[in-house]
Amino acid sequence: MISTLLNYARGAWVAGAGAPAPVRSAVTGEVVAQGGSAGLDFGGMLHHARTVGSPALRAMTFHARARMIKALAEAVMARKEELYTLSWFTGATRTDGWIDIEGGAGTLFTTASKGRRELPDDTILIDGDVEPIGRRGTFIGQHVYTSLQGAALHINAYNFPVWGMLEKLGPTLLAGVPAIVKPASATAYVAVAAFRIMIESGVLPEGALQLISGSVGDLFDHLTGQDVVSFTGSADTAAKLQSHPAIVREAVRFVAERDSLNASVLGPDAAPGSPEFDLFVKEVAAEMTTKAGQKCTAIRRAFVPAAHLDAAEEALRARLAKVVVGDPQAEGVTMGALVSRAQLDDVRARARELSKEARLVFGDIDHVEVTGAAAASGAFISPLLFRADDPWACERVHHLEAFGPVATLMPYRDLDDAVALANHGKGSLALSLFTYDPAIARRFILGAAAFHGRIVTIDRDCARESTGHGSPLPMLVHGGPGRAGGGEEMGGVRGVKHYMQRSALQGSPRTLAAVVNRWLPGAPQPTGGVHPFRMTYGELEIGTTLNTAPRTITLEDIEHFAAFTGDTFYAHMDEAAAAANPFFPGRVAHGYLILSFAAGLFVDPAAGPVLANTGLDNLRFLKPVSPGQSIQVALTVKAKTPRTAEYGEVRWAVAVTDSAGDPVATYELLTMNSYGR
Ligand code: NAP
């Protein structure tokens with residue numbers, strides 16, 4: 001059955017005009033889908049995203065968007081088997097499909113959970129602390145992020161049609177920005193199916209998502225500085241798109257995730273027989289063959305100490321000899337096909353280029369034994385391991401990407417040489433180092449980190465839990481400098497900010513506190529008749545303050561506290577030793593005693609809406625308290641964040657002052673407060 005690839009434009013599924021372009025199965029060569037996007041009103045789609053999707057998403061808080069993203073992930077998981085069935089036509093094994101489909105849903109789940117835990121239930125995001133500007137504290141600065149008001153255009157690569165779409169959609173939607181997705185043609189039928197699942201889930205507001213199943217037409221001509229292009233694909237395509245006149249003229253943000261010649265390095269300490277040597281061999285072989293090597297993060301260059309080159313080659317060949325190439329659905333197959341015959345031709349051509357300067361030590365560029373399918377119709381190739389004994393005499397191995405199961409094994413002289421070779425790829429997405437010597441890891445990372453977006457060190461202690469060389473994770477940055485495109489995606493909340501504008505706000509604390517919906521130093525601190533511990537979460541207003549009575553701290557208090565807790569540190573117990581200390585005039589109260597007395601001053605003891613104290617942030621002791629001095633506390637509602645259906649988190653600014661009015665300690669107290677009494 002041939003599926004028709006529709007577009008989803010302005011709230012409707014529409015077919016492209018003109019003759020549909022066929023897409024063939026990677027395994028059988030048969031046409032499995034066809035479609036196109038000719039005739040779409042691309043400018044109209046952007047307008048729809050900006051005028052319908054954007055206002056709807058921007059009206060939702062980060063938490064509401066996070067709940068929506070979680071529901072999308074659940075919808076994909078509920079219908080994942082439909083996607084696995086289609087994924088097989090792309091040449092993917094079940095494991096490859098798992099990375100794509102469940103890995104994709106996993107990034108949405110993580111993004112949603114980070115959105116709920118790390119972002120406010122609001123539409124504005126604070127960036128960093130208040131910057132005091134005026135000496136009297138009446139004029140301050142505060143950085144904030146707000147959602148861009150345009151659309152995100154996501155242009156995706158073919159290799160992970162689901163994951164590649166979802167890892168971008170999570171941060172984009174969490175930022176409150178609508179997206180227009182353009183999947184790569186070769187695997188668009190999988191992306192379209194996953195897209196349809198999300199639309200049919202019914203959780204998205206109109207205009208939040210649109211889809212182009214073909215060329216983007218004149219869409220670039222309509223882009224403005226409020227839009228973002230997030231591109232994944234080859235360096236050549238990126239260069240072409242990035243220099244489009246509209247991108248240059250309008251300063252459109254362009255996130256580029258390109259190819260890179262990722263390296264893996266066996267540490268100088270990791271001799272044959274060591275766990276790290278075995279782990280290295282396993283990882284290089286796995287990275288070559290997972291998804292038939294069609295991974296932007298795959299290891300293309302494997303570096304080993306010169307003395308271990310032969311041993312590494314032998315071990316890798318033994319490992320690769322176990323790979324079974326064929327129909328990804330056939331019993332025992334461990335590596336499927338490349339995505340298309342065109343891709344097969346491309347990989348073969350590039351492998352031939354590599355063979356001009358490196359020796360092929362495993363595999364055959366033109367022949368492969370295929371299990372369970374006709375080799376002639378599918379895009380099958382064997383793993384190809386090259387060896388270059390003089391890496392500095394080579395160019396292609398460092399700069400030519402063969403996007404298939406292809407890697408080159410090379411020696412290095414010493415650690416500095418290994419660093420220089422790793423960096424010679426001119427920037428990569430991922431680098432791995434196999435060493436059990438932390439000093440080697442530090443030296444290597446200091447020399448190499450500037451060239452690589454992610455560095456994973458693998459040793460016997462972390463190997464079992466390691467996610468491996470080639471797995472981008474939603475909580476960690478994905479992207480790399482130079483050759484890798486200079487872009488950055490994911491990385492938790494960092495990824496969300498690519499779709500938001502950072503602005504510096506200046507003004508009075510009263511105004512800015514109201515703008516950001518949290519109390520800022522210098523903003524009003526109204527006091528009420530009711531103790532704040534008697535108020536429900538909903539009743540507490542930002543800025544509401546309790547000023548306590550003073551309490552004198554006596555020498556007996558200090559000695560009692562010391563005896564009771566066992567903290568008999570000399571600064572509290574020994575007058576002469578304390579006075580000799582540059583910080584203290586003599587014996588002083590324990591910091592923890594001050595905190596305990598502060599709690600005793602502000603707590604209202606009866607059972608009520610305050611459910612638990614969950615921690616302190618940013619604690620500073622600013623001035624010592626000598627026996628006989630008194631302290632008092634100002635407790636201010638700083639921010640509120642809903643956590644569950646029953647309770648939310650209240651962040652209190654606590655200021656402890658002495659009788660002179662000087663700050664003794666400041667911190668933020670976190671409590672969980674119930675919505676009801
Ligand atoms: P590609 O040929 O560069 O295509 C990438 C995307 O760009 C596809 O959606 C393609 O659409 C689209 N495209 C091509 N020309 C265009 C144009 N003139 N205007 C608008 N869109 C255009 O790359 P690919 O073959 O799909 O993917 C393989 C490459 O991607 C490899 O080099 C790999 O290293 C890289 N990659 C990088 C990452 C990363 O995160 N850094 C991840 C995966 C892959 P059509 O398919 O319709 O032509």
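Visitor: Which residue's side chain does R502 meet in a salt bridge?

Guide: Side chains of opposite charge can pair when their charged atoms come close. In this predicted model, the side chain of R502 meets that of D127 in a salt bridge, with 3.9 Å from N to O. R502 belongs to strand β22 (residues 500–507) and D127 to strand β6 (residues 125–132), and this pair links distant parts of the chain, 375 residues apart.

Visitor: Is R502 buried, exposed or partly exposed?

Guide: R502 is partly exposed, its relative accessible area being 46%.

Visitor: How many salt bridges does a search of the whole structure find?

Guide: The search finds 32 salt bridges, and one of them joins the side chains of R50 and D227 at 2.6 Å, N to O. Because R50 lies in helix α1 (residues 42–59) and D227 in the loop between β10 (209–211) and β11 (228–232), the pair ties together parts that are 177 residues apart in sequence. R50 is partly exposed, with a relative accessible area of 23%, whereas D227 counts as buried at 0% relative accessibility.

Visitor: Which residue forms a salt bridge with E313, and where do the two lie?

Guide: E313 pairs with R387, and their closest N and O atoms are 2.6 Å apart. E313 sits in helix α10 (residues 309–320) and R387 in strand β16 (residues 384–387), so that distant parts of the chain, 74 residues apart, are linked. E313 counts as buried at 8% relative accessibility, and R387 is buried as well, with a relative accessible area of 8%.

Visitor: Which residues are joined with E313 and R387 into one network?

Guide: Through salt bridges that share partners, D310, R317 and D389 join E313 and R387 in one network.

Methods
Residues are numbered from 1 along each chain as its sequence is written. This is a predicted model: local features need pLDDT of at least 70, side-chain atom pairs count only at pLDDT 80 or more; totals for chains, interfaces and linings use all residues. Side-chain values use heavy atoms; hydrogens and water are left out. A salt bridge is a side-chain nitrogen of Lys or Arg within 4 Å of a carboxyl oxygen of Asp or Glu. Helices (H or I, at least four residues) and strands (E, at least two) are DSSP runs, numbered from the N terminus. Buried means under 20% relative accessible area, exposed over 50%, partly exposed in between (1.4 Å probe, protein chains only).
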